[in-house]
Amino acid sequence: MRKILVLALVAVALLTLPSVTRAAATYEKNVTLPAGETVDDNFIRAGQTVTVEGTVNGDVIVVGDTITVDGTVSGDVIAAGSLVTING
């Protein structure tokens, strides 16, 4: 049931974004943007655990059970999850 809810939230989020960014969205069990790595675009991911430790020059849009944002984000952070921690 929880997985269906997560996928439904991702679908709604993706429908509101331009078609170019839709192709960048993925679902994985564990998603990590490691420290030292930079994304020069929006970072859109869904997974059981999502961790952002690197730099995002754009927006972060994530859905998951556990979400942690420790990195630098130049845009907005939109996160939906059971446990969301934003330290950056």
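View 1. V60 stands opposite V77 in β7, where strands are DSSP runs (E, at least two residues) numbered from the N terminus. The model is predicted, so that local features need pLDDT of at least 70 and side-chain atom pairs count only at pLDDT 80 or more, while totals for chains, interfaces and linings use all residues. Residues are numbered from 1 along each chain as its sequence is written, and side-chain values use heavy atoms, with hydrogens and water left out. Nine bridges join β5 to strand β7 (residues 77-86), and these two run parallel; two strands are said to pair if DSSP finds at least two bridges between them. Leaving aside neighbours within four places in sequence, V60 is in contact (heavy atoms within 4.5 Å) with F43, V52, V73, D76, V77 and I78.

**View 2. The pairing of β3 with β5.** β3 and β5 pair in the parallel sense over nine bridges. Along this pairing, R45 stands opposite V62 in β5, and T49 has T66 of β5 as its bridge partner. Both strands are mostly covered, with seven of the 10 residues of β3 buried and eight of the 10 residues of β5 buried; here buried means under 20% relative accessible area, exposed over 50%, and partly exposed in between (1.4 Å probe, protein chains only).

**View 3. The largest nonpolar core.** A nonpolar core is a set of buried Ala, Val, Leu, Ile, Met, Phe, Trp, Tyr and Cys residues joined through side-chain atoms within 4.5 Å. The largest one here has 11 residues in all, namely V31, L33, V39, F43, V50, V52, V56, V60, V62, I67 and V69. At least two residues of this core are supplied by each of β1 (26-33), β3 (43-52) and β5 (60-69), and the largest share, four residues, comes from β5. In soluble globular proteins, nonpolar side chains tend to be buried together.

View 4. L33 is found in strand β1, whereas T51 lies in strand β3. L33 counts as buried because its relative accessible area is 4%, and T51 counts as buried because its relative accessibility is 14%. Although L33 and T51 are 18 residues apart along the chain, their C-alpha atoms are separated by 6.3 Å. Not counting residues up to four places away in sequence, L33 touches V39, F43, T51, V52, E53, G54, T55 and V56, while T51, with neighbours within four places left aside, is in contact with V31, T32, L33 and T68.

**View 5. An open sheet of three strands.** The strands of this open sheet follow the order β2-β4-β6, with parallel pairing. Its edge strands are β2 (38-39) and β6 (72-73), each of which pairs on one side only. Strand β4 (residues 55-56) is joined to β6 by two bridges, and the two run parallel; within this part of the sheet, T55 stands opposite T72 in β6.

**View 6. A nonpolar surface patch that includes V84.** V77, V84 and I86 make a nonpolar surface patch of about 210 Å². V84 has its place in strand β7, and it counts as partly exposed because its relative accessibility is 33%. Patches are made of residues with over 30% relative accessible area and no salt bridge, like charges being joined within 9 Å and nonpolar side chains (Val, Leu, Ile, Met, Phe, Trp, Tyr) within 5 Å. A salt bridge is a side-chain nitrogen of Lys or Arg within 4 Å of a carboxyl oxygen of Asp or Glu, and accessible areas come from the Shrake-Rupley method with a 1.4 Å probe, for which, in the case of residues, only the protein chains shown count as cover.
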